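Hi there,

Here is the structure I promised to pass on. Please have a look, and then read on for what turned up in it.

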Amino acid sequence: MTLYGLGVTVGAGIYVLAGATATEAGAHAPISFIVAAFVVAFTALSYAELCIRYPVSGGEAAYVEAGFSRAWLTTGVGLSVALSGIVSAAAVSLGAAAYLGQFVALPQPVLVTFIVAAMGLIAFWGISQSVATAAVITVIEILGLVFVIGWGMLLTDKQGVEFGEIFSPTGIEPWLGIGSASVLAFFAFVGFEDIANVAEEVKEPRQTMPRAILLTLVIATVLYLGTMVTVLMAVPISRLSESSAPLMLVFDGSDDRYKIAFGALAVVATVNGVLIQIIMASRIIYGLADRSFLPEIFARVSAKTRTPSIATFCVVFLILFLGQALPIAALAERTSQIVLFVFIAVNLSLLRIKRQPMARNYGFSVPKVVPLVGVATSVGMLVISIV
């Protein structure tokens, strides 16, 4: 489950958005990842408690239903989660196409269509096969980031900023840039919450889920900081800002074999993000339909593969449409805003559940201050994003 969470978190984030965050925050982009991790941490703890209370598909919808008992709110939150996965997958498919375009001379729309269709077929194939595939790919994408960090640190001709510049912002202007970049950096952490949406297909979820969520967040944060610091020191910010495949720039001037090796790793890493978001979004739609919040047709399960067939098809179609219609930065920002709205609803739900007289402790419980701070930090980042 940790590999599943890391697969969508890492693949959807650093491989795609390193250049965009550097555009907003300049040399201080790593600080924006620290800010985003701080915001996410409180909500991650709330998820860790909720997913052992309600280990079901469509987790967020179940949490809101338990907290508020409002059908319209439950449906709205559930659809928001599914939409965040769909928009996120569209953004990542553009990044995957950019990396794949380094090797295949085809138009971006063709590459996006191929990537999304292939991942949709794997997701339809079966949950065991899908998650096993995602787990193997996740190990590869983590090795890719370690490769970038090691290679970049060993470069003798670094053309980026000095290490001392990165963590020493002075004045109000750098912090405004960090605040703006933190919304994009937040997108890089989107994924840990997807773990909650496959709870019905996990053995011993009450033991597995909280540990998987927290491990995903810690490992992702360490990888992001190492990668961002390395890339900023190795590559000029002006070049990072212009690239849709930013991590490839670390290997400029090196032997073509290394560029090819990393390019292949990057393609694998980014398509993994598409695969896992398809799995997540289709389970959300299935979960809502199975509880009669959506038409019954979306709860249909293939007799052969035991996967939600209609829901998976609809998710793949929407990802293809958005991937052709919007640029990557806009997709990433919309994803962040949708997820922040969901985080606010989830934290408020936990607060209400904890006030219920019959609320049972399942062995993992956080103080009420945790969801309270989760609401405050999510609202703050949502306001920054809108402004």
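Let me begin with W151, which is partly exposed because its relative accessibility is 22% (buried means under 20% relative accessible area, exposed over 50%, and partly exposed in between, with a 1.4 Å probe and protein chains only). Before going further, please note that this is a predicted model, in which local features need pLDDT of at least 70 and side-chain atom pairs count only at pLDDT 80 or more, while totals for chains, interfaces and linings use all residues. Residues are numbered from 1 along each chain as its sequence is written, and side-chain values use heavy atoms, with hydrogens and water left out.

Aromatic pairs

The structure holds 13 aromatic pairs. Rings of Phe, Tyr and Trp (its six-membered ring) pair if their centres lie within 6.5 Å; planes under 30 degrees apart count as stacked, over 60 as edge-to-face and the rest as tilted.

One of the pairs is Y47 with Y63, edge-to-face at 6.1 Å centre to centre and with 80 degrees between the planes. Y47 sits in helix α3 (residues 29–53) and Y63 in helix α4 (residues 59–68), so this pair ties together parts that are 16 residues apart in sequence. (Helices are DSSP runs of H or I with at least four residues, numbered from the N terminus.) Y47 counts as buried because its relative accessibility is 0%, and Y63 is buried at 0% too.

W151 comes back here: its ring and that of F251 have centres 5.6 Å apart and planes at 35 degrees, so the pair is tilted. It links distant parts of the chain, 100 residues apart, with W151 in helix α7 (residues 127–154) and F251 in the loop between α11 (237–242) and α12 (256–290). F251 is buried, with a relative accessible area of 0%.

There is also an aromatic cluster, formed by Y47, Y54, Y63, F186 and F343.

Surface patches

R70, R352, R355 and K368 gather in a surface patch of positive charge. K368 is placed in the loop between α14 (328–355) and α15 (369–386), and is partly exposed at 47% relative accessibility.

F103, V104, L106, V110 and I260 make a nonpolar surface patch of about 400 Å². V104 lies in the loop between α5 (71–100) and α6 (108–125).

Best wishes

Terms used: Patch = residues over 30% accessible without salt bridge, like charges linked within 9 Å, V, L, I, M, F, W, Y side chains within 5 Å. Areas by Shrake-Rupley, 256 points an atom, 1.4 Å probe, with all protein chains shown as cover. Salt bridge = Lys/Arg side-chain N within 4 Å of Asp/Glu carboxyl O. Lys, Arg positive; Asp, Glu negative; His and termini not counted. Charge placed at Lys NZ, Arg CZ, Asp CG, Glu CD. Helix = DSSP H or I, 4+ residues; strand = E, 2+ residues; numbered from the N terminus.
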